[in-house]
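Hi,

Here is the structure I promised to pass on. Have a look at it first, and my notes follow below.

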Amino acid sequence: MRRALNIEINGRKQVLEIEPNELLLDVLRLGVGLTGTKEGCGEGVCGSCTVMVDGELVRSCLTLAMQVDGKAVTTIEGIANGSELHPLQRRFLEHGAVQCGFCSPGLILTAKALLSSNPDPSEAEVRDAIRGNFCRCTGYVKIVEAILAAAAELRSGANA
Amino acid sequence: MHNIKDSAEFEVLGKNVIREEGHGKVTGLGKYAIDLEMPRMLWAKIKRSTRPHAKIINIDVSRAQSLAGVHAVLVDKDCPQTLFGFGCYDEPLLARGKVRYIGEPVVAVAADSEAIAEQACDLIEIDYEDLPAVFDVHEAFQTNPPAIVHEEQERYRRVPIGPVQYDPKHPNAFGYYRIRTGEVEKGFKEADVVLERTYTNAMMGHAPMERHNSVSLWDADGNVTVWSSSQAAYPLLNQISEALDIPHSRIRVIIPKYVGGGFGGKIEMKAEGLCAVLSRVAGNRPVKIVYTREESLCWAGVQHPFDMKIKSGVRKDGTITSCEMFVLVNGGAYAQHGFLVTRQASYGPLGSYRFPNFKLDNYVVYTNQPPGVAYRGFGNTQIHFALESHIDELANAIGMDAYEIRRKNILVEGEINAAGEIQHSVAGSELLDEIKKGLEQHGTLVREGKGPWRRGRGIAFANKDSVAPSASSAIVKVHNDETVEIRHSAGNIGQGSSTTLIQIAAEFFKVRPDRVKTAEVDTWITPYDQLTGSSRITFAAGNAVLMACEDVKGQILKMAAEVMQASPEELDLAGMKVFVKDNPDRFMAVRELFRTVFFTGSFLPTGGELLGKATFTVPSSKIDPETGHAADDGMRKIFSFCTRAAQAVEIAVNTETGEVKLEKIAIANDVGLATAVAAIGGALLIIVSPVEPSLDRVYIGRTFCVVVLAGLGSVTGTLAAGIILGVIESLVLTMFGASWAPAVAYGLLLLVLGIRPQGLFGR
């Protein structure tokens with residue numbers, strides 16, 4: 001029994017016909033074709049599927065799509081300004097924080113949420129914020145560096 | 001041979017370059033295999049064994065077949081009656097007659113959705129008759145084991161390496177290697193202390209973030225195309241060929257530019273062949289399978305548990321006189337990589353130390369555990385863990401320092417090791433000295449910490465060989481806009497290999513790296529590569545790319561010679577300009593070779609393309625099966641090359657809770673020339689991931705200072721700046737105390753930037 005889902009994805013309002021038991025992850029990936037949101041474990045442990053719903057971080061693999069009815073979802077595809085990368089995306093590249101890249105979308109969104117609530121985080125705060133995001137390649141050092149560099153850039157941009 | 005080797009200063013190599021596929025990764029727009037969807041695509045699921053060892057009495061698939069949305073249900077008899085493997089050919093696509101481990105594929109289903117396929121699997125009923133099972137490697141190794149996992153193994157096809165692999169006295173052992181040097185008993189008599197210890201390690205999963213997945217299509221023309229999250233296109237192609245009994249020419253393997261990690265766990269075929277059969281049965285529809293995290297962790301190959309007994313004799317002065325190793329590798333239910341992992345691990349210890357007398361027997365044994373595969377070093381991690389632990393115990397036994405005993409026995413340049421292999425580019429002593437210095441700069445160890453915390457220091461050494469014989473091919477195309485395109489089949493699993501190859505080609509042509517790109521790995525387009533594994537890509541594929549660049553350069557010079565009315569020998573190429581060596585003002589751009597001859601647009605006047613092609617191979621010496629020694633054929637070569645590394649750490653242990661904290665670490669790796677600094681730096685830093693947050697700043701901060709001090713881009717300058725900073729730091733440390741040391745780097749940096757903003761050696 002398909003139902004209508006009112007959802008805003010990356011700034012675009014849409015009405016989707018979905019099954020009530022569909023996961024937000026599957027609606028994004030299979031329904032809308034936004035495959036930047038990744039599934040690593042399927043049980044809310046690894047953080048790869050992290051997206052923002054009304055500014056809050058959620059694990060899209062544990063969220064029914066119907067739960068976000070009437071809300072705004074931001075995925076990794078929605079944070080660049082056209083062809084201009086978000087400072088977090090650019091810093092991840094410049095600092096070598098991306099290797100296989102499978103965890104990067106979740107990490108970048110997690111960092112984005114952190115920086116919007118705390119624009120000047122300490123290194124410990126960054127490490128604490130990304131605790132729930134697994135990375136198997138980098139050892140996290142470069143990721144933390146990239147987030148701190150992006151934070152500094154965003155702060156100087158805000159002051160300018 | 002190649003001008004790249006002659007130049008002291010590099011313009012692209014050794015620099016930080018944004019990785020080729022980076023944009024796709026940070027924007028989420030890059031398509032991994034797991035993101036692929038195709039019209040008419042079906043989803044597959046595998047019904048796996050719930051028994052470790054059991055006869056299959058009956059499989060009832062009738063309810064699954066009649067479920068709406070199910071398009072194919074396969075059991076063994078529906079599949080080609082073949083056996084595939086990796087050196088030892090023992091595995092059917094689906095369990096044949098009996099199951100040998102929990103998780104073994106028994107039935108495969110293709111359906112309209114993953115959910116329907118899963119539901120169909122639940123409707124399948126399998127009747128088993130349990131057999132005795134064997135899990136422990138010692139029990140399995142017995143002459144009369146509790147269970148024989150492969151009764152027919154004597155008839156299995158094997159590649160002929162090492163001594164006779166099947167021994168009826170050990171009916172579960174499927175691979176055996178031995179090395180014999182000198183006389184170990186005599187060596188034990190010459191020793192002051194003889195020590196025997198056993199080391200074991202647990203089974204582990206690779207856990208790449210992107211789980212194992214693929215799409216297979218058996219099309220109506222009889223061709224099989226596979227898109228896979230794999231790290232080895234050609235080995236996969238070969239395994240599909242063996243499993244499906246169709247020729248290589250009918251198979252096409254495509255590996256997307258985006259692969260979410262591998263770590264050795266994505267070399268072997270997983271369900272690609274099985275899904276191809278599903279595709280054919282379901283009416284030539286593409287069939288996708290995505291392993292669950294559980295399947296990916298447990299049943300897509302694990303790291304082999306090793307049981308390593310080491311007996312060594314050592315003199316009081318630290319000289320190791322003799323070493324005997326007996327290793328049992330728990331291979332799991334199918335050979336898979338076990339056959340080769342065991343061989344590589346057998347030689348692992350011999351690249352580190354000098355053993356005048358050495359004896360090794362290494363068996364890989366079938367059990368009813370999940371099959372093991374390569375895992376970050378083909379068995380080297382296991383064997384080095386044992387060897388380094390053992391060296392520490394030897395040092396303790398004679399009251400010697402852990403550094404001194406290693407320094408005493410470490411192999412040196414040009415030495416012939418205990419397997420008769422000549423050792424090249426050996427940085428053993430230097431690496432040990434580096435880590436010693438690295439840790440010593442933190443002062444002496446204070447064992448007693450606050451409350452229950454105690455501290456200790458330790459060091460370890462390792463070497464890592466790379467397989468030989470080895471072969472990589474590359475094609476390099478120069479387009480009419482002077483873009484260089486590299487076609488190679490070395491899968492980039494996240495380590496950044498395609499960017500490394502881009503840097504090599506960019507350095508050769510003296511062009512910016514963004515003027516070079518790589519083609520997606522596709523075995524119908526990109527040429528042969530042995531595998532992304534065995535630490536071989538930068539060396540093997542890198543040399544192939546370099547040689548292909550040389551080939552295409554020759555063609556360019558020849559064509560330009562006609563236009564410029566010169567001989568090709570008088571000309572050279574740099575920055576996509578062909579110029580006369582003696583008179584660089586006489587030049588033409590490579591793009592000028594392309595003309596619009598007719599309505600087809602801008603091509604070479606002769607038609608065709610600027611296409612260079614090359615294959616780089618490394619031969620190996622014949623190995624004597626009795627002694628495991630390389631033949632004295634002038635090469636004395638078992639591996640392509642061997643790299644070495646050393647680490648020293650200081651850790652704190654909470655004696656009440658057992659918590660361990662890594663407090664300080666010094667890492668010395670012999671990387672040759674770092675082609676991609678950020679990539680290698682990142683790779684090394686994985687080791688320090690659990691370190692307390694502020695630790696890495698010590699290194700990063702200094703490195704930053706050294707690089708800026710030197711002036712960005714100056715390699716020799718960086719070396720000089722490093723030495724300058726080191727000397728000044730030591731002086732300040734001695735004269736003013738340790739608390740001033742951190743100020744030195746930044747102080748010096750400020751001073752130099754004030755006087756000479758481009759850095760000491762910058763242009």
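B:Cys88 has B:Arg158 in β9(B) as its bridge partner. These strands belong to an open sheet of 3 strands, ordered β4-β5-β9 (chain B), with antiparallel pairing. At its edges are β4 (84-85) and β9 (157-158) of chain B, each of which pairs on one side only. For the terms: strands are DSSP runs of E with at least two residues, helices are DSSP runs of H or I with at least four residues, and both are numbered from the N terminus. Two strands count as paired if DSSP finds at least two bridges between them.

Before going further, a word on the source: this is a predicted model, where local features need pLDDT of at least 70 and side-chain atom pairs count only at pLDDT 80 or more, while totals for chains, interfaces and linings use all residues. Residues are numbered from 1 along each chain as its sequence is written, and chains are lettered from A and ligands numbered from 1 in the order in which they are written.

Now chain A. Its secondary structure comes to 5 helices and 5 strands, and along the sequence the pattern reads β-β-α-β-β-β-α-α-α-α. Along the principal axes, the C-alpha atoms of chain A fill a box of roughly 50 × 35 × 25 Å. Of its 160 residues, 52% count as buried; that takes 20 or more other C-beta atoms within 10 Å of a residue's own, with C-beta atoms placed from the backbone.

The sheet in chain A is open, with 5 strands in the order β2-β1-β5-β3-β4 and mixed pairing. β2 and β4 (56-59) of chain A are at the edges with a single partner strand each, so one side of each has no neighbour in the sheet. From one strand to the next, the twist averages 40 degrees. Within this sheet, β3 (residues 50-53) and β5 (residues 71-74) of chain A pair in the antiparallel sense over 2 bridges, and A:Met52 stands opposite A:Thr74 in β5(A).

Two helices go with those strands. Helix α3 (residues 104-117) of chain A lies across β3 and β4 of chain A, at about 35 degrees to β3(A); axes are lines fitted to C-alpha atoms, for helices over the stretch in contact, and angles run from 0 to 180 degrees between N-to-C directions. Helix α1 (residues 24-31) of chain A is largely enclosed by the rest of the structure, because 6 of its 8 residues are buried. Among them are A:Leu24, A:Asp26 and A:Arg29, and the buried residues of α1(A) pack against β2 (12-18) of chain A. Just after α1(A), A:Gly33 takes a positive phi of about 80 degrees.

Finally, where do the chains meet? The contact takes 36 residues from chain B and 35 residues from chain A, two residues being in contact if their C-beta atoms, placed from the backbone, lie within 7 Å. On the side of chain B that touches chain A, the elements giving two or more residues are α2 (22-27) and α16 (677-685) of chain B. The largest share of that side, 5 residues, comes from α16(B).

Cheers

How values were computed:
A residue is buried if 20 or more other C-beta atoms lie within 10 Å of its own, exposed if 12 or fewer, and partly exposed in between; C-beta atoms are placed from the backbone.
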